[in-house]
Amino acid sequence: MSTRVCGKISSTRRLLVIAEKLRKPFTTIRASATSLDSSRVSVVDKPSSPSTTGTWQWKFQDNLVNIYYEEHKGDSSEPCKDILMIPTISDVSTVEEWRLVAKEIVQKNGKVNWRATIVDWPGLGYSDRPKIDYTADIMETFLIEFINAPDSPVQRKGNFSLSPSSAIQSDDDLVVFGGGHAATIALRAAKKGLVKTSAIAAIAPTWAGPLPIVFGRDSTMESRYGLLRGTLRAPAVGWMMYNMLVSNEKAIQSQYKSHVYADPEHVTSAIIESRYNLTKQKGARYVPAAFLTGLLDPVQSREEFLNLFAGLEGETQILVVSTKGSPKRSKAEMTALKGAKGVTKFVEVPGALLPHEEYPDAVAEELYMFLQETVELNC
């Protein structure tokens, strides 16, 4: 989902062409062919439902934002350890992408009884979508507050400290799994010491939005991004542009088949319909307007990206899950993490930018092995 480079003419490029029709057009983006050994069958068609669903109220500025979450747990009555699963940030971000992985892990009969909570970002999925000027800082603030609030779904009684750093969870049992930009935002919060975790798994991690990773960030491009962002957020023309170029089934299908999934055959009509319905929610265009134009980028360079991992050396265990079929630019950022300081383990699985949905069995296997090697080993 992150770093979207669509088919022969991407929907994001078409947005910019319309917003900038009087200026020099951009160079055409061409999607590179992605080859993948699909010997491992995708299980995206398996049914899955959460044990519990609910909403948590986030207070931000003058907004009370209802945040949707799901809880998945096994049949054991033993005390649980928590995994927080965070969806990839995109125009069609949803808790649905993590459901099968959550179901697989909580049903394992290991030393630990795992409980998985999947949460939708504000402005995305099934959460409220207020008209906020979304930035990476705001998303990070949300994540910190969601994890640390006494009434958070991932806060167990007795975990909250009354020390001077009372905004910080007092134990570090929580494990965080994040995809794309979500993983990088979680790492940034952890590096600042604002969330405490025993382990973090970064699934196909990214840090640059679709337009910045392709066109860069010079002053001319930033001006164009601002124009596009303002157009998408406008009351009338914004919806018209969003509906025509983003919120339609053909555009979503093109994204999934070209770079979100590795195998186009795995892109089912049910997936497209589900994602299309998300784009029709009131306020759906506000986060995508920020994401496409780089406002949700947690860092500005590969050096900063690598420093996030290095800064957690010895503090928390970090798994990086790269993918065989990622787009070229995104793949380069993932590959740079192989052997990097702070990275406990680096693995590669089938898939592109959403491997945990397309190949949930393969991803769940790697994630559970990581849990056994880190958290469960010390229990």
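Before anything else, one cut-off: buried means under 20% relative accessible area, exposed means over 50%, and partly exposed is in between. Keep that in mind for Arg217. Its relative accessible area is 26%, so Arg217 is partly exposed.

Now, the model. This is a predicted model. The mean pLDDT of the chain is 85. Of its residues, 82% reach 70 or more. Two stretches need a caution. Over residues 18–47 the pLDDT stays under 50. The model still has 63 contacts there beyond four places in sequence. Residues 157–170 are also below 50. For that stretch the model has 24 contacts beyond near neighbours in sequence.

On to the strands. Start with S7, residues 317–323. Six of its seven residues are buried, so S7 is largely enclosed by the rest of the structure. Who are its partners? Take S6 first, residues 199–203. Strands S6 and S7 run parallel, joined by five bridges. Ala201 stands opposite Leu319 in S7. Then there is S8, residues 345–349. S7 and S8 pair in the parallel sense, again over five bridges. Here Thr323 stands opposite Val349 in S8. How does the chain get from S7 to S8? It crosses through helix H12, residues 328–335. This β-α-β crossover is right-handed.

Now the charges. The count comes to 16 salt bridges. I will walk through three of them.

Arg275 lies in helix H9, residues 269–279, and Glu96 in the loop between strand S3 and helix H2, so the pair ties together parts that are 179 residues apart in sequence. Buried or exposed, these two? Arg275 is buried, with a relative accessible area of 2%. Glu96 is buried too, at 18%. Remember that the cut-off for buried is under 20%.

The side chains meet in a salt bridge at 2.7 Å, N to O. Asp137 sits in helix H3, residues 136–148, and Arg188 in helix H4, residues 181–191, so this pair ties together parts that are 51 residues apart in sequence. Asp137 counts as partly exposed, at 47% relative accessibility. Arg188 is buried, at 12%.

Asp297 forms a salt bridge with Arg217, and the closest N and O atoms are 2.1 Å apart. Where do the two partners sit? Asp297 is in the loop between helix H10 and helix H11. Arg217 is in the loop between helix H5 and helix H6. The pair links distant parts of the chain, 80 residues apart. Asp297 counts as buried, at 4% relative accessibility. Arg217, as I said, is partly exposed at 26%.

Which residues do salt bridges with shared partners join into one network? They are Asp137, Glu140, Arg188 and Lys192.

Methods: Residues numbered from 1 in each chain as written. Heavy atoms only, no water. Buried < 20%, exposed > 50% of the residue type's maximum accessible area, 1.4 Å probe, protein only. Helix = DSSP H or I, 4+ residues; strand = E, 2+ residues; numbered from the N terminus. Pairing = 2+ DSSP bridges. Right-handed = clockwise from strand over helix to strand, strands pointing away. pLDDT = per-residue confidence, 0-100. Contact = heavy atoms within 4.5 Å. Salt bridge = Lys/Arg side-chain N within 4 Å of Asp/Glu carboxyl O.
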